[in-house]
Amino acid sequence: MNFRLRLQEKLSDRFVRNLGWLGAAQLVNRVFRLATTVVLARLLAPDDYGLAALVLTTNEFVNVFTRCGIGTKLIQAREEDMPVYCDTAYWLTWIVCIVLFVGQCALALPVGLFYGRSAIVLPICAMALVYLTLPFGYVQAMLLMRENRLEVGALTNAVQLSVDCLLTIAFALGGLGLWAVILPKILVAPLWSLIHIYNHPWRAPRQFTLARWQEIFRFGRNVLGVELLATLRANVDYLLVGRFLGVEALGVYYFAFNAGLGISLSLISAFDMALYPHLCAANQQPEQLRQRFHRALKTLALLFVPLVLLQASLAPFYVPIIFSSKWAAAGAIPVLVLICLSALPRPFAGAASQVLHALNRPEVDLQWNLLFTPLLIVALLAGLNWGILGVAAAVLATHLLLLPLFALWADRYCFTSAHSPVPASV
């Protein structure tokens with residue numbers, strides 16, 4: 001009876017329900033991603049994988065500017081500020097996305113020349129079209145997160161990614177090569193905005209306004225700094241491997257990274273999406289915030305750590321069977337295992353960042369990222385001397401050594417009365 005009551009209490013918790021929705025969506029996504037990865041691994045050569053990695057990495061570096069803190073502020077802000085903030089956020093998003101569209105197109109040729117691969121210029125430009133679909137449903141998506149209706153976002157991501165994967169498989173079987181990876185992402189982009197618009201009544205203002213944009217900017221500039229550094233860390237190894245070890249080596253490393261860390265990063269993303277509005281809802285009650293944060297960490301440890309260890313231990317068996325023995329012959333398995341293990345401390349550091357943002361202290365998170373990122377780059381440069389295995393070892397070592405220290409420090413900073421930050425009004 002006690003167990004049943006405790007289970008009912010857990011299931012009634014909004015955070016747990018949101019995590020369940022997002023986890024279910026990620027499970028669906030992983031099934032489709034796995035099918036896509038298997039098909040691409042068998043149909044695309046390492047060189048094609050390398051070209052796709054260059055296009056997607058370039059896009060990711062530009063795309064990070066869409067995470068400039070506008071939506072984060074909408075989730076964190078006071079209720080009385082929301083009407084003005086929403087209207088301003090809509091027009092700010094349009095300005096940002098148009099600039100990004102032009103910027104990515106301008107960047108395509110220099111990137112192609114830098115890597116000596118003119119074949120990537122047009123795909124990079126084509127990927128920029130995605131930015132022009134984002135503003136239509138952006139505010140609605142953030143409001144749904146603020147209202148803790150994360151099931152809508154989970155459904156949206158599952159539908160968008162499953163259609164993307166199905167089109168990728170179809171195009172790969174049709175012999176489109178690199179374009180089999182690029183075209184689906186362009187075609188499915190409007191789905192994201194359409195579903196969010198349908199599920200929330202807020203509509204775009206008819207009159208242009210940027211009222212109180214400075215308040216959003218002050219908060220968002222620190223969030224953007226964190227996102228820029230996180231994106232640099234997530235992609236700098238690709239850039240270094242591609243430049244110094246060659247496109248074919250990048251193809252092997254890119255496969256190992258995605259096969260080894262793809263599931264973990266998806267789960268971390270789902271956890272962060274559920275955790276941030278959950279913490280923001282209690283950011284004016286320090287004790288309740290502390291309890292929510294610590295309960296979330298316990299849930300994370302119970303679910304995440306065993307999964308990562310299981311995946312890493314089974315890698316030598318499932319890679320040749322599922323993805324083809326050519327990746328084992330190319331030396332991808334040891335790289336995959338090291339990258340997979342680097343996931344262990346990532347969600348705990350991510351949770352620390354979320355609580356700092358909920359307390360209106362993104363600048364503290366930025367300071368940490370300004371310290372961690374150069375240390376990671378130095379380690380990667382040293383690891384290049386031992387090929388892609390050395391790069392993977394550098395990723396593992398820096399994450400295992402530094403991320404737990406940040407998570408422990410952030411817990412003390414946020415919840416020790418001597419210097420616990422007080423949420424600001426804006």
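1. Helices (H or I, at least four residues) and strands (E, at least two) are DSSP runs, numbered from the N terminus.

2. This is a predicted model, with local features needing pLDDT of at least 70, side-chain atom pairs counting only at pLDDT 80 or more, and totals for chains, interfaces and linings using all residues. Residues are numbered from 1 along each chain as its sequence is written, and side-chain values use heavy atoms, leaving out hydrogens and water.

3. Helix 17 bends by about 25 degrees at His-399. The bend is the angle between axes fitted to the seven residues ending there and the seven starting there.

4. UniProt (unreviewed entry) places "transmembrane region" at several spans, including 152-172 and 390-410. Such annotations may be inferred rather than shown by experiment; positions follow the numbering used here, and feature names are shortened. Residues 152-172 are 100% helix and 0% strand, with end C-alpha atoms 30 Å apart. Residues 390-410 are also 100% helix and 0% strand, with their ends 30 Å apart.

5. There are zero disulfides (cysteine sulfur pairs within 2.5 Å). The sulfur of Cys-97 is too far for a bond, because the closest cysteine sulfur, in Cys-68, is 8.3 Å away. For Cys-414 the closest is in Cys-280, at 12 Å, again too far.

6. Cys-97 is buried, at 1% relative accessible area. Cys-414 is buried too, at 2%. Buried means under 20%, exposed over 50%, partly exposed in between (1.4 Å probe, protein chains only).
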